[in-house]
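Visitor: I would like to learn how to read a structure like this one feature by feature, with the general idea set out before the particular case. Could we begin with the surface and then work inward?

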Amino acid sequence: MNEVSFFIQALIYLTSAIIVVPIANRLGLGSVLGYLIAGIVIGPFVFGFVGTEGKDMLHFAEFGVVMMLFAIGLELELDLLWKLKIWLLGLGGLQIIITTALTAMFCYGFGFLWKPSLALGLIMSLSSTAIVLQTLKEKGLMKTLSGQAAFSVLLFQDMAVIPILAIFPMLSETNEVTSSQHHSLIEHLPGYAKTLVVFSVVIGIILVGKYLLKPVFRILAKSGSREIFTGASLLLVIAISLLMGAIGVSAALGTFLGGVVLASSEFRHELESNIEPFKGLLLGLFFLSVGASMEIPVVMESPTKVLGIVFGIIFLKALVLFFLGFVFRLPLDQNLYFSLALSQVGEFSFVLFGYSEGLGILDEQTIVILVACVAVSMALTPVLLLLYEKTIFGFLESKIPKKQTEQDIHKQENPVIICGFGRFGNMLGRFLRSNGVPITILDFDADRVEMLGRFGFKVYFGDATRLELLESAGLEHTKILVAALDNPEKQAELIRNVSQHYPNIKIVARAGDREEAYDLKEMGVSFIYRETRETAVQMGKDVLKLLGTRAHTAEKAKNLFLKHDDETFHELFELRQDRVQYMSLAKQRNAELERLMLVDLGKEDELERDPWSEMER
Amino acid sequence: MPKILILLVHPTLEKSKANQLLLDSLPVSENITLHDLYEEYPNFSINVKAEQNLITNHQIIIFQHPLYWYSCPPLMKLWMDLVLEDGWAYGTNGSHLSGKKWIQVITTGGSKDAYSKHGFHGYETEEFLLPFRRTAELCQMDYLPPFLVQGTFQLTELDLQKESNRYSMFVNQLLGESNE
């Protein structure tokens with residue numbers, strides 16, 4: 001492909017996506033369906049803008065799936081897994097086993113040999129993480145019971161892909177890998193050596209991830225250049241994919257592992273938000289090329305066959321899911337939604353079809369039809385859900401008394417996020433933590449982040465002015481955002497971002513001096529704290545004490561000063577544009593304060609008497 | 001020799017000549033502990049355990065305070081509320097104070113005449129102190145009549161001198177009395 005045609009391809013793909021996806025979204029069909037339709041439209045059977053390279057493109061775009069697995073790996077914190085264990089193993093595990101068994105039986109009944117039948121069963125048991133998670137997120141259903149159940153099942157399926165990839169070679173009828181498909185470096189090695197190499201590479205990835213990546217990221221982070229960090233994130237994913245490819249293991253497995261290893265690191269959210277746009281685009285490209293490579297004529301030749309298979313699969317999967325949902329006591333309305341949402345076949349099937357073709361498990365004829373069926377089943381999902389919502393769900397919702405839907409399954413997000421953990425944020429964080437308030441910390445200093453992590457703080461590396469980062473750190477569940485960045489411009493950017501997109505989150509902000517405090521007030525922040533104010537006055541109080549003032553009197557003087565300073569701050573704020581008036585009022589207020597203080601300290605004729613000094617001399 | 005704890009409770013001691021003179025006239029003795037509550041707890045966050053330990057080590061507890069609105073300054077009331085705990089000062093097992101002496105050293109702006117049946121306030125000073133007396137009794141303490149310095153608004157330098165001599169003798173007597 002030369003340069004010009006590359007750009008023309010890009011032009012076609014991007015244009016079609018930009019036109020079709022928003023329309024699909026408008027219609028409530030979800031972006032995945034949009035991409036699929038756009039793919040079909042530009043594909044060889046409608047407009048033919050893109051042709052035979054659809055399949056090549058698919059291989060490239062599979063990288064989107066790889067990145068998605070990396071992102072899922074990043075999500076996998078151990079405590080979350082632990083919380084979801086029953087749903088994951090029970091719901092997820094049983095779903096795969098039962099669906100696989102039933103599908104395999106059907107296939108066997110239709111004349112397949114048992115090995116291909118089992119392969120088909122495994123492929124069909126998977127659902128589409130991309131479609132379902134996207135739909136759940138777009139509709140804000142992640143926190144509902146059905147959302148949680150769906151998330152658990154999808155998570156289990158995504159993890160199950162890895163053993164499935166490992167099982168497939170054993171299902172190969174020929175027992176001979178077609179060499180044209182696999183150029184693995186270790187092909188020539190005997191079986192045990194292969195296993196050994198694969199194992200050592202996997203352990204290598206885990207070790208490197210655990211001990212080498214963090215310091216490297218730290219060094220990169222210190223460079224302060226965001227591009228370098230993004231580049232490193234991409235490099236990491238690509239490198240793992242290639243390495244895994246080289247030893248003949250799925251790239252998805254490798255990056256997933258990489259993600260899991262890094263899930264506990266402080267760079268998690270920064271990595272996530274760096275990968276996010278690429279992941280999104282490549283997944284889009286993936287669905288576009290699935291659409292483009294769909295053999296429309298095959299579908300047109302035997303529409304009844306395709307539709308029969310599609311509805312057969314959807315019905316079977318939904319039934320199994322519904323049964324399990326019933327066993328796991330999902331309320332009826334939620335259970336129906338859950339069953340329908342996961343009833344399609346997932347994007348991994350495309351990967352697995354390709355894999356099984358290479359292994360000679362399934363013949364091309366079958367695969368062509370099944371790819372079409374899978375695509376149709378995916379395309380139908382948003383339609384089914386839309387229909388369900390418009391009809392049965394609304395009806396059921398009014399009938400079924402609302403139970404507690406937000407079970408404590410999902411990880412609880414912290415109510416306070418502290419952005420910037422310098423000397424100021426640090427004190428605040430310690431205070432809040434010692435009072436049992438869970439906090440999430442974002443900071444752009446890699447050393448500090450590392451150190452805090454050792455103290456057991458939930459702390460992430462990243463630039464808090466980026467909304468995506470804040471969001472992946474759980475901004476939407478936050479009640480209070482503490483803006484404590486040292487740089488006033490960054491501070492302003494952070495506050496503007498948050499108050500614009502999340503007006504309900506209370507912002508408490510640190511200011512360096514009075515001028516900065518005015519700026520914050522102008523931005524509408526109502527809780528402003530000047531960094532050195534309290535400490536300085538506290539120190540002043542102690543100086544008074546050291547000079548012989550009684551402790552309680554000094555304490556009163558401190559409080560009086562702070563109160564007066566507060567009042568003056570708001571008064572002076574109104575006048576800050578007019579320097580002359582500002583100075584005049586400031587001077588006047590200072591004089592007033594001095595007089596008040598002297599009176600209180602008993603050092604002047606008592607113009608305003610202290611009530612207690614009245615009573616007793 | 002008994003040990004005396006003087007709990008000084010005065011929010012604006014620096015402005016009170018009378019109280020300063022009283023303090024100055026205290027005899028020098030290692031058996032007297034002066035504990036300035038407003039100096040110790042300017043934010044009113046009283047360390048209850050420390051206060052209780054302090055009392056445990058003394059036999060005579062003197063509260064030296066001005067009379068505010070026929071009662072004590074707020075920190076002293078808070079001190080009573082917090083330190084005189086149920087189960088420690090009174091109630092079941094609350095016998096840590098039993099047998100100790102409770103004495104108030106009180107300065108009043110008004111004169112002795114003003115604090116009398118036919119005076120401005122209409123009652124004796126002692127009558128206003130009923131809540132304190134009852135508190136001491138409940139804690140099984142020995143409630144002694146208060147040492148009063150009255151009419152501080154009118155007292156002359158000489159009068160004040162006399163009063164502080166009287167105070168000095170009073171404390172000395174307390175030190176010696178239980179010695180026998």
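Predicted model: local features only at pLDDT ≥ 70, side-chain atom pairs only at ≥ 80, totals over all residues.

Visitor: Where in chain A does Phe45(A) lie, and is Phe45(A) buried, partly exposed or exposed?

Guide: Phe45(A) belongs to the loop that runs between helix H2 (31-42) and helix H3 (54-75) of chain A. The class partly exposed covers what falls between the buried limit of under 20% and the exposed limit of over 50%, and Phe45(A) counts as partly exposed because its relative accessibility is 37%.

Visitor: How many salt bridges are found over all chains?

Guide: Side chains of opposite charge can pair when their charged atoms come close. In this model the search of the whole structure finds 27 salt bridges over all chains. One of them joins the side chains of Glu522(A) and Arg576(A), with an N to O distance of 3.0 Å. This pair links distant parts of the chain, for Glu522(A) sits in helix H22 (residues 514-522) of chain A, while Arg576(A), 54 residues away, is in the loop between helix H24 (551-575) and helix H25 (579-601) of chain A. Arg576(A) is classed as buried because its relative accessible area is 11%, which is under 20%.

Visitor: Which side chain meets that of Glu571(A) in a salt bridge?

Guide: The partner of Glu571(A) is Arg589(A), at 3.3 Å from N to O. This pair, too, links distant parts of the chain, with Glu571(A) in helix H24 of chain A and Arg589(A) in helix H25 of chain A, 18 residues apart. The two ends fall into separate accessibility classes, since Glu571(A) is partly exposed at 35%, whereas Arg589(A) counts as buried at 7%.

Visitor: How far apart along helix H25 of chain A are Glu592(A) and Arg589(A)?

Guide: Glu592(A) and Arg589(A) are three residues apart in that helix, and so they are separated by about one helical turn. Their side chains meet in a salt bridge of 2.4 Å, N to O, and Glu592(A) is partly exposed, with a relative accessible area of 26%. Elsewhere, salt bridges that share partners join Arg514(A), Arg530(A), Arg533(A), Glu534(A), Asp565(A) and Asp566(A) into one network.

Visitor: Moving to chain B, how many helices and strands does chain B have?

Guide: Chain B has seven helices and six strands, and, read from the N terminus on, its elements run β-α-β-α-α-β-α-β-α-α-β-β-α. Of the 180 residues in chain B, 52% are buried.

Visitor: In which sense do strand S1 (residues 4-8) and strand S2 (residues 32-36) of chain B pair, parallel or antiparallel?

Guide: Those two strands of chain B pair in the parallel sense, over five bridges. Within this pairing, Ile6(B) has Leu34(B), in S2(B), as its bridge partner. Between S1(B) and S2(B) the chain passes through helix H1 (residues 17-24) of chain B, forming a β-α-β crossover that is right-handed.

Visitor: What is the phi of Phe44(B), and what is the phi of Trp69(B)?

Guide: Phe44(B), although not a glycine, has a positive phi of about 65°, and Trp69(B), likewise a residue other than glycine, has a positive phi near 45°. Phe44(B) is placed in the loop between helix H2 (37-40) and helix H3 (48-56) of chain B, and Trp69(B) in the loop between strand S3 (60-66) and helix H4 (74-83) of chain B. Phe44(B) counts as partly exposed at 27% relative accessibility, whereas Trp69(B), at 70%, counts as exposed.

Key: Residues numbered from 1 in each chain as written. Chains lettered and ligands numbered in written order. Heavy atoms only, no water. Helix = DSSP H or I, 4+ residues; strand = E, 2+ residues; numbered from the N terminus. Buried < 20%, exposed > 50% of the residue type's maximum accessible area, 1.4 Å probe, protein only. Salt bridge = Lys/Arg side-chain N within 4 Å of Asp/Glu carboxyl O. Pairing = 2+ DSSP bridges. Right-handed = clockwise from strand over helix to strand, strands pointing away.
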